[in-house]
Amino acid sequence: MANIKYVGDGEVHLLAGGGKVYTDIAARFVGSERDLKDIIASPYDKKIVENIINSGHLAATEFDYFVFGIQGYARVTEIQLVRKRIASYLIKSGRIDKYGKRNFDVVVPKNIDFNCFINFPGKNIILPNGETLPYDSVKLNINCKNILNIIEQWYNYGVNINIPEEDLRYMKPQATEFKAIIGMNVHSLLDWFKIRLCKNSQTEIRDLAMKMLRLCKKEKPDIFKKAGANCIVLGYCPENDRQNKKCK
């Protein structure tokens with residue numbers, strides 16, 4: 001049976017990115033005539049970091065790097081995630097067994113768990129006794145769990161008859177869970193948060209961005225103090241006619 005999880009329950013862990021703020025050192029280096037050793041030895045200056053962020057000259061922020069581990073998110077979100085090119089991704093193989101068994105973990109929104117009666121496809125249905133029924137006389141009661149379990153059984157049967165998994169995976173749903181390690185510098189993160197924290201963003205990737213931002217703010221509040229969706233950073237919504245109806 002498919003192991004079903006729900007959108008919003010994904011986990012995000014910060015693997016690296018706390019401690020020393022390298023944006024501070026990089027910013028000093030550009031505008032100082034002091035020896036590099038003296039710059040490195042200087043105490044942290046919150047105002048320098050704030051000036052860099054407020055000025056919009058974010059090249060210095062590219063020397064602070066964050067690494068996250070995530071799990072409990074669907075391939076729907078993976079596809080949107082990797083559209084951000086200035087980042088590093090290591091995604092767990094979908095063919096690795098889980099505790100010695102083939103796993104079929106999926107993540108779905110709770111609101112798609114409904115029943116639907118559908119006609120059996122085809123011109124007619126031939127029963128084991130040879131009787132023929134018109135296709136519209138037989139209906140199947142299908143719901144999310146039924147569909148996922150049917151796909152899982154079909155997939156496992158294909159494996160058992162030696163169909164390559166790289167071919168079978170074409171039929172795996174976008175709900176399939178993925179696990180990944182993500183690396184982004186601060187400049188990329190600030191840009192990513194502008195887009196993915198917008199209320200127009202897809203629900204699950206917005207959830208991922210929000211959890212990432214909370215971790216970032218906890219570790220380096222001076223850098224991420226004003227981080228957020230475009231409307232927060234810019235002071236207005238650049239979506240124009242596409243502005244989300246829930247926004248004021």
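Me: What does Lys220 touch, leaving aside residues up to four places away in sequence?
Reply: In this predicted model, Lys220 touches Gly17, Gly18, Gly19, Lys20, Val21, Asp64 and Phe66. Lys220 itself lies in the loop between α8 and α9.

Me: Why is Lys220 called buried?
Reply: The relative accessibility of Lys220 is 4%. Buried means under 20%. Therefore Lys220 counts as buried.

Me: Why does Lys179 count as partly exposed?
Reply: Lys179 has 29% relative accessibility. Buried is under 20% and exposed is over 50%, with partly exposed in between. So Lys179 counts as partly exposed.

Me: Where is Lys179 found, and which residues does it touch?
Reply: Lys179 is found in strand β10. Not counting residues up to four places away in sequence, Lys179 touches Ile70, Gln71, Leu90, Ile91 and Lys92.

Me: How far apart are Lys179 and Tyr73 in sequence and in space?
Reply: They are 106 residues apart in sequence. From C-alpha to C-alpha, Lys179 and Tyr73 are 7.3 Å apart in space.

Me: In what order do the strands of the open sheet run, and how do they pair?
Reply: The 4 strands follow the order β2-β3-β10-β4. The pairing is antiparallel.

Me: What makes β2 and β4 the edge strands?
Reply: Each pairs on one side only. β2 covers 11–16 and β4 covers 88–91. On average, neighbouring strands of this sheet are turned by 20° against each other, direction ignored.

Me: How do you know that β2 and β3 pair?
Reply: 5 bridges join β2 to β3 (residues 65–74). Pairing needs at least two bridges. The two strands therefore qualify as paired, and they run antiparallel.

Me: Why is α1 called roughly perpendicular to α3?
Reply: The axes of α1 and α3 cross at roughly 80° and come within 9 Å. Angles of 65 to 115 degrees count as roughly perpendicular. That makes α1 roughly perpendicular to α3.

Me: Which residues make this contact, and how do they divide by class?
Reply: From α1 come Thr23, Asp24, Ala27 and Arg28, and from α3 come Ile48, Val49 and Ile52. By class, the contact of α1 with α3 has 4 nonpolar, 1 polar and 2 charged residues.

Me: Which residues of α1 are buried, and what do they pack against?
Reply: In α1 (residues 22–31), Thr23, Asp24, Ile25, Ala26, Ala27 and Arg28 are buried. The buried residues of α1 pack against α2 (36–41), α3 (46–55) and α9 (221–224).

Me: How many helices and strands does the chain have, and what share of residues counts as buried?
Reply: The chain has 10 helices and 10 strands. Of its 248 residues, 37% count as buried.

Note on methods
Residues numbered from 1 in each chain as written. Predicted model: local features only at pLDDT ≥ 70, side-chain atom pairs only at ≥ 80, totals over all residues. Heavy atoms only, no water. Buried < 20%, exposed > 50% of the residue type's maximum accessible area, 1.4 Å probe, protein only. Contact = heavy atoms within 4.5 Å. Axes fitted to C-alpha atoms, helices over the stretch in contact; angles between N-to-C directions. Parallel < 35°, antiparallel > 145°, perpendicular 65-115°, else oblique. Nonpolar A, V, L, I, M, F, W, Y, C, P; charged D, E, K, R; others polar.
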